[in-house]
Amino acid sequence: MTDVKSTDIKRTGIAADIEGTDTQDTGTAGTGTAGMGTERTAGWAEAAIREHAADTRAPSREEQVLERIDRARRRKARVKEEHITMAHGSGGKATQTLVEAVFLEAFRNPLLEPLEDGAVLGVGSARLAFTTDSYVVSPLFFPGGDIGDLAVNGTVNDLSVCGARPLYLSAGFVLEEGFPVADLRRITTSMAEAAAAADVQIVTGDTKVVQRGKADGCYVNTSGVGLLDRPISLSVAGARPGDAVIVSGPIGEHGVTIMLARGELDIEADLTSDTAPLSGLTTALLDACPDGVRCLRDATRGGVATILNEVARASDVAVVIEEDAIPVRPGVRGACELLGIDPLYVACEGRMIAVVDGPAADAALAALRADPLGEGAALIGHVKDDPPGLVLLKTSFGGTRIVDVLVGDPLPRIC
Amino acid sequence: MRFVDEYRDAEKARALSAKIASLCEPGRAYKFMEVCGGHTHTIYKHGLEDYLPETITLVHGPGCPVCVIPMGRVDDAIHIAERPGVVMTSFGDMMRVPGGRGSFFDSMAQGAEIRMVYSPLDALKVARQNPDKHVVFMAIGFETTAPSTAMTVLRAAAEEIGNFSIFCNHVTIIPAIKAILDSPDLRLDGFIGPGHVSTIIGCRPYEFIARDYGKPLVVAGFEPLDILQSIYMLLVQLAEGRSQIENQYARVVPWAGNLKALKAINEVMELRPYFEWRGLGFISHSALKVRERYAAFDAERIFEIPGSRVADPKACQCGEVLKGVLKPWECKVFGTACTPETPIGTCMVSSEGACAAYYNFGRFSRERVREATR
């Protein structure tokens, strides 16, 4: 190997040069040759393998492997990283692990434990829904909205999908030194308009300013309370075999709009964010099917796929959806196709998933479609009992695959 | 969507599936390798195996760009990224690939400036916008991506951009296929040839596979019907006792390849004497480096590279998976120590990696799912 000369690509035709090509074992080939020095070992990898030592034997059947993986996935979440990475903010598996292993571990109580979009509190004879959300979207202004209406609608939606009537919001601002006041006014104007549209009031707030470079312009936090005036209990753990799965409109528009608005991709599409308050839609749905709605979730970070996985896992059921039935606008589909992203994982800010009792599906769809925000609502699948914890997709092509939770989001800072 | 939906038509798939079944000799098992990770991704993403009889096994090959990057090379890249004033740029796929001490993401969390880009030209843009920084592009991939890296270096040279270089990890597909053919523990009946690579190198470089090894190869496109059709074409060859190189992807792949692209690669790069592949070891003439005349754009010449070598953990069987000897689930650490959240092997990182594709899309019991999707 030491006498190999670099070969002229032109003469041999790149990669067609197969003469003299040989493979050698890494263990023996390297000794003494430049660039092939002594090997180190990857300590972290050996440690991970030791931790799973009981599992590391060659399995004889695929079924055994599936069971083994299922066991491994049900184990308690543990944060292995020493530092926070962008994946921890993606809404996927890494976020879930961080929330369960750090936050839930520290704050554990029965109200927090279900990890729903908001907590449901009993205050006297009233039931209140309470939620909070921070917004770090970049860019701050994008087609169809800005960080202001996003911050109002996001919290309104988290309350709405608890089945509550949103009432009051707080607004906290972290501003970077040098941020234009005109931009701040644009944001607050849009927040005021969004609050009026959703019939909520912003009743308390906070302002902090940090030095230039310590934040990216403007971050917003909103918290909200709403009144649960119906005798219902919606839960991600409430899905049962036979239920229908409905999405309230075309998916993925917010995420793709933000990505294109950053201008890094040189892709143009006529898309706007779907940011909107869902309170009208949830009211219409709950009025139409007072006993038939099991679970509502707004499909934000991690998209529809992540929500469906939460349902499958929390309810211990299988969710089977049909690719052909999922509404995706051509612009979103095209951009996703180009970028190699699955629209099922792309965030929406004005769409929700409703799991409803099978026989109530038609009434639910009719109620959603009667509202302009829900005119694109579609029945996308059903809940089955087996295999529990999995989301299965019947592809347009006619095959089947699972739809898992993503580890990290390909699109950071979309909300 | 035009030009895509036509190649995902379920009715056509059913018709092809019937033809495929009728060509299979009773009692005979077939093993075809799809060389390219893009094909692996398509197969799982569309659930293509549902259309194949159980006697046909698809074996996933080594053509996933990030899967073949050895741990040591990641460490070297991180070493460069951690130099003061350096901005490393990389495709998103590469960000979570683990080295001996962690991934680009981990390195970012500790302060290195690493940015995700969608093309090497974007990296060059970053260099133009940050004249006070040195911008390095982590160049990876087979002949498919090498031309765009080469063109970017040529552009940088033409514009006399002084703060841009590439860390070249481009590899070539033919030596890897040769290594697989020479591997004693695998018996294949034919190859689904890599479509994207072939748009550059054409179909001629594969001729030795048919001539010297007696195996058929069909260069295939990336839509599910393309792959089904290429399987059908392989079966026709076997039924007729032929072994030839055929081109299913003629709508994109010219038989002679793309001479302009090859010329660009040849202008900027030359073959390395040898290069380490994850799990496969050192393969001679299997990778590219920057030519002397473009030394100013070669991170390997600009920075001191430690030349790290990190042994693959013994329990990790990436090599066997990349060669197609093992199915992903047959690896000892699959799904337990090695998962998409905490990948040990590269095959678990990229969406084109066989292990990630199986874990993310194919991890279910076919029998139980048939029941659920009825």
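The model is predicted: local features need pLDDT of at least 70, side-chain atom pairs count only at pLDDT 80 or more, and totals for chains, interfaces and linings use all residues. Residues are numbered from 1 along each chain as its sequence is written, while chains are lettered from A and ligands numbered from 1 in the order in which they are written.

**View 1. An open parallel sheet in chain B.** The 5 strands run in the order β2-β1-β7-β8-β9. Strands (E, at least two residues) and helices (H or I, at least four) are DSSP runs numbered from the N terminus, and two strands pair if DSSP finds at least two bridges between them. β2 (56-63) and β9 (245-247) of chain B have a single partner strand each, so one side of each lacks a neighbour in the sheet. From one strand to the next the twist averages 20 degrees. β7 (residues 190-193) and β8 (residues 217-219) of chain B are joined in the parallel sense by 3 bridges; Ile192(B) has Val218(B) in β8(B) as its bridge partner.

**View 2. Helices α2 and α10 of chain B on the sheet.** Helix α2 (residues 37-45) of chain B touches β1 (30-36), β2 and β7 of chain B, and its direction makes about 120 degrees with that of β1(B). Helix α10 (residues 224-239) of chain B touches β1, β2, β7, β8 and β9 of chain B, at about 150 degrees to the direction of β7(B). Contact requires C-beta atoms, placed from the backbone, within 7 Å; axes are lines fitted to C-alpha atoms, for helices over the stretch in contact, and angles run from 0 to 180 degrees between N-to-C directions.

**View 3. Cis peptide bonds in chain A.** Ser138(A) and Pro139(A) are joined by a cis bond with omega about 0 degrees; Pro139(A) lies in the loop between β4 (126-135) and β5 (141-142) of chain A. The bond from Asp386(A) to Pro387(A) is also cis, with omega near -5 degrees.

**View 4. Positive phi at Leu115(A) and His285(B).** Most residues other than glycine have a negative phi. Leu115(A), in the loop between α5 (93-107) and β3 (119-123) of chain A, has phi near 50 degrees. His285(B), in the loop between β12 (281-284) and β13 (288-290) of chain B, has phi of about 50 degrees. Leu115(A) is partly exposed, with 14 other C-beta atoms within 10 Å, whereas His285(B) is buried, with 26 (buried: 20 or more other C-beta atoms within 10 Å; exposed: 12 or fewer; partly exposed: in between; C-beta atoms placed from the backbone).

Methods. Contact = placed C-beta atoms within 7 Å.
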